[in-house]
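Let's walk through this structure together, starting with the overall layout and then moving in to the sheet, a helix and the cores. Keep the 3D view open as you read.

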Amino acid sequence: MRNSAASSVPLLTDRYEYTMVEAALADGTASRQCVFEVFARRLPSGRRYGVVAGVGRLIERLADFGFDSDDIEYLRNSGTVDDNMARWLESYRFTGDIDGYPEGELFFPGSPILTVTGTFAECVLLETLVLSILNHDSAIAAAAARMVTAARGRPIIEMGSRRTHEDAAVAASRASYLAGFSTTSNLAAGQRYDIPTAGTAAHAFTLLHSDEKAAFASQVARLGTNTTLLVDTYDISQGIRNAIEVAGPSLRAIRIDSGDLHVMAQQSRELLDSLGALDTAIVVSGDLDEYSIAALAAAPVDLYGAGTAVVTGSGAPTAGLVFKLVEVEGRPVVKRSENKATVGGRKTAVRRHKPTGTVIEEVIALQTTPELGAHDRRLQRALVRGGDPVEDLPTLDESRAHLRDALIAIPWEGLKLSPGDPAVPVTIMN
């Protein structure tokens, strides 16, 4: 039997997907060719763009979306599926196609960021997995991208693992690195995704020792002066004096984790300079989000540490993405529910630019492919064909570079942290 903590990928889902497939198998509609699309009806309040993240993780998970005997036994014993569907699940494998915006691409309301094509039964079972990964990772990446913009080139460490689920922490580290964070404190993310890791000591290490100097001496003895000493366990000013006395003026950095960070950073810089530690950097942390980082723009801060805000999407823990059926057997289908209506038919998308590279608009076309102008860029690309990932999918570092370039290309108003319209207007062509 499987360890109860290690859930099977196909069971990371909602029961109603199995209910629908069971009924469709019985009435003969399960094999109808369908197109599902993932999009956001609107951006989270106050946001001017979204960031596509989690595509790489989704493709990895797709490879594990198959049923073993334990899965099928559970589904049958729990009354979730009947014998007919249980037999169908024994040979289940997604054999359809997936196209979408690459990781690191920006999206706006209505952007068809993922298109899943195949039989109804094959595709609908993927709904929850697709949305749980993309909604989480895209929310984290959007929040992190706003923090990176607010930091104005200063590095940010992701350090929020203790503020979220252990698996979500690894995904959040990946998404924040995609968005431009320099390092993560999470070792699992470092191992799995080759993300640079960083970290030194907490207040507990200082409290463990007889006094602050003893703690600093122990850390420097182990790591040398190329380390960061946490100086605000007791008194910050005395902590800085102790740090420089122990490590000398070549100490790499001090970290401040409390108080009025703007005032503390300014006073700390003056004190460090007076002690001859002109090159000792100042790291600040403590419930930072994009707004508090922006407020520190004029402070002598060299590096930020962000935790709770980034792993919770800084107030928007989901990207608001939905997974909707838009086409059956080549026929557009439309949901007309009030406030939840959909636009039927498979869509393609193009982003139009000025000759200078600035984005003008995003064009979404129904059933056709818009003509590309000299400065236009097609947004969707093949991700999966016949159930298998295509070759040459972007690496995490390539996606990170793509997002950096995409943010440079949108109008500067789109980077503001204040509420406003989406950074790029979206036009739908019939």
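How many helices and strands does the protein have? There are 15 helices and 19 strands, and keep in mind that you're looking at a predicted model. Taken along the principal axes, the C-alpha atoms fill a box of roughly 80 × 60 × 40 Å. Of the 430 residues, 51% are buried. If you take the contacts between residues at least 6 apart in sequence, 72% of them join residues at least 24 apart.

Next, the domains. The protein splits into domain 1, made of 9-139 + 316-429, and domain 2, which covers 200-304. Their C-alpha centres sit 44 Å apart.

Now look for the sheet. Seven strands make up an open sheet, and reading across you meet β13-β12-β1-β5-β3-β17-β18, with antiparallel pairing. The edges belong to β13 (331-332) and β18 (388-389); each has a single partner strand, so one side of each has no neighbour in the sheet. At the β18 end, β17 (residues 381-385) is joined to β18 by two bridges, and the two strands run antiparallel. R385 finds its bridge partner there in D388 of β18.

Helix α2 (residues 55-62) packs on this sheet, where it touches β3 (97-100), β5 (114-119), β17 and β18. The direction of α2 makes about 15° with that of β17. Another helix, α6, packs on the sheet too, touching β1 (33-40), β5 and β12 (321-328). Here the angle is about 140°, taken between the directions of α6 and β12.

Stay with the sheet a moment and pick out β3. Four bridges tie β3 to β5 in an antiparallel pair, and D97 has T117 in β5 as its bridge partner. Three bridges link β3 to β17, again running antiparallel.

Is α6 mostly enclosed or open to the outside? Since 22 of its 25 residues are buried, α6 is largely enclosed by the rest of the structure. Just after the helix, R152 takes a positive phi of about 55°.

As a rule, nonpolar side chains in soluble globular proteins tend to be buried together. The largest core here has 64 residues, and L106, V284 and Y304 have the most contacts inside it. Which helix gives the most to this core? That's α6 (residues 127-151), with eight residues. Domain 1 and domain 2 both give residues to the core, so it lies between them.

To see how one of these residues is placed, zoom in on L106. Setting aside neighbours within four places in sequence, L106 is in contact with Y49, G50, V51, Y101, R351, L403, A406, L407 and I410. There's also a second, separate core of 52 residues, which includes Y18, V38, C123 and L126.

Note on methods
Residues are numbered from 1 along each chain as its sequence is written. This is a predicted model: local features need pLDDT of at least 70, side-chain atom pairs count only at pLDDT 80 or more; totals for chains, interfaces and linings use all residues. Side-chain values use heavy atoms; hydrogens and water are left out. A nonpolar core is a set of buried Ala, Val, Leu, Ile, Met, Phe, Trp, Tyr and Cys residues joined through side-chain atoms within 4.5 Å. Buried means under 20% relative accessible area, exposed over 50%, partly exposed in between (1.4 Å probe, protein chains only). Domain bounds come from an automatic or database domain assignment. Contact means heavy atoms within 4.5 Å. Two strands pair if DSSP finds at least two bridges between them. Axes are lines fitted to C-alpha atoms, for helices over the stretch in contact, and angles run from 0 to 180 degrees between N-to-C directions.
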